[in-house]
Amino acid sequence: MYSFQNVSKGPLQNINLSIETGEKVIIFGPSGAGKSTLLHLFNRLQDPDSGEILFNGKSLSSYHIPNLRTQAGLVMQAPHLFPGTVLENIKYGPSLRGKWREKEAEELLSYVQLPAEYKNRDVNHLSGGEQQRVSLARTLANKPDVLLLDEPTSALDQHTIEEIEEVLECLIQENQLTMIMVTHNLRQAKRLGDKGLFLSEGEILESGPISTMLQNPTTESLQSFLA
């Protein structure tokens, strides 16, 4: 699905990686390592200074950015919802392309475990966890193949984190999504991911099954990070 070939951008230097369809990838490492920069390269929120990124065998630079971002949807740490109702938020992307069907509203809310009557609520009257669920629903409305997650639960309390994780697990399984997630929460990484990328000082220093990496790190850098 994705192939990075000698990609450099900002703090990132000569990144080489591949991600297959259906993988659940966790990007983790110390602050300033370039984790968010790497995530933003997947849907051209940023473009590399050098190297090439392939998506489904085609150069990422050849994709029309709005089309790419429907295929690779990004959910940020803060929901960044538009002023207005829940319905106005979740229908926005498909409506621009003339692909919105009204019955989808309740389906999407059901996916993220919100009651159907929430569709007419003002987003400013929702809790932080509810707003993040609406953000997920808005991304899912575009029917993405890839879900990009940038610390989506870091601003939430533990109970809400557990609820959002449950929603994510169900969404990924039911929709057969590829997930690429940045998180500082290593328990979350182990629960949600199957592949890990440990990033430090702009380089991928270790990669592999996330549970193995966390239990038996092979590099001194990861050992020190986990200590």
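The model is predicted, so local features need pLDDT of at least 70, side-chain atom pairs count only at pLDDT 80 or more, and totals for chains, interfaces and linings use all residues. Residues are numbered from 1 along each chain as its sequence is written, and side-chain values use heavy atoms, with hydrogens and water left out.

The UniProt record, an unreviewed entry, annotates residues 2-226 as "domain: ABC transporter". Positions from UniProt are given in the numbering used here, feature names are shortened, and annotations may be inferred rather than shown by experiment. Over residues 2-226 the chain is 37% helix and 25% strand. The end C-alpha atoms of that range are 28 Å apart. Helices (H or I, at least four residues) and strands (E, at least two) are DSSP runs, numbered from the N terminus.

Four strands form an open sheet in the order β2-β1-β4-β5. The pairing is antiparallel. β2 and β5 (58-59) stand at the edges, each with a single partner strand, so one side of each has no neighbour in the sheet. Two strands count as paired if DSSP finds at least two bridges between them. Strand β1 (residues 2-9) is joined to strand β2 (residues 12-19) by five bridges. Within this pair, Val7 has Ile15 of β2 as its bridge partner. The β1 and β2 hairpin has two residues between the strands, and Gly10 takes a positive phi near 55° there. Five bridges also join β1 to strand β4 (residues 50-55), again antiparallel. Here Ser3 stands opposite Leu54 in β4. β4 in turn is joined to β5 by two bridges, and these strands run antiparallel. Phe55 stands opposite Lys58 in β5.

Helix α6 (residues 128-140) holds Ala137. Ala137 is buried, with a relative accessible area of 0%. The classes are buried under 20% relative accessible area, exposed over 50%, and partly exposed in between (1.4 Å probe, protein chains only). Leaving aside neighbours within four places in sequence, Ala137 is in contact with Ile90, Leu108 and Val112. Contact means heavy atoms within 4.5 Å. Ala137 and Thr85 are 52 residues apart in sequence, and their C-alpha atoms are 13 Å apart in space. Thr139 also lies in helix α6. This threonine is buried, at 8% relative accessible area. Not counting residues up to four places away in sequence, Thr139 touches Gly73, Leu74, Val75, Pro144 and Leu147.

The structure holds nine salt bridges. Each is a side-chain nitrogen of Lys or Arg within 4 Å of a carboxyl oxygen of Asp or Glu. One of them joins the side chains of Glu23 and Lys195 (3.8 Å, N to O). Glu23 lies in the loop between β2 and β3 (24-28) and Lys195 in strand β9 (residues 195-200), so this pair ties together parts that are 172 residues apart in sequence. Lys195 counts as buried, at 18% relative accessibility.

A salt bridge also forms between Glu163 and Arg133 (2.9 Å, N to O). Glu163 lies in helix α7 (residues 158-175) and Arg133 in helix α6, so the pair ties together parts that are 30 residues apart in sequence. Glu163 is partly exposed, at 29% relative accessibility. Arg133 is buried, at 7%. Elsewhere, salt bridges that share partners join Arg101, Glu104 and Lys143 into one network. Arg101 counts as partly exposed, at 38% relative accessibility, whereas Glu104 counts as buried, at 4%.

Leu96 is found in helix α4 (residues 92-96). Leu96 is exposed, with a relative accessible area of 61%.
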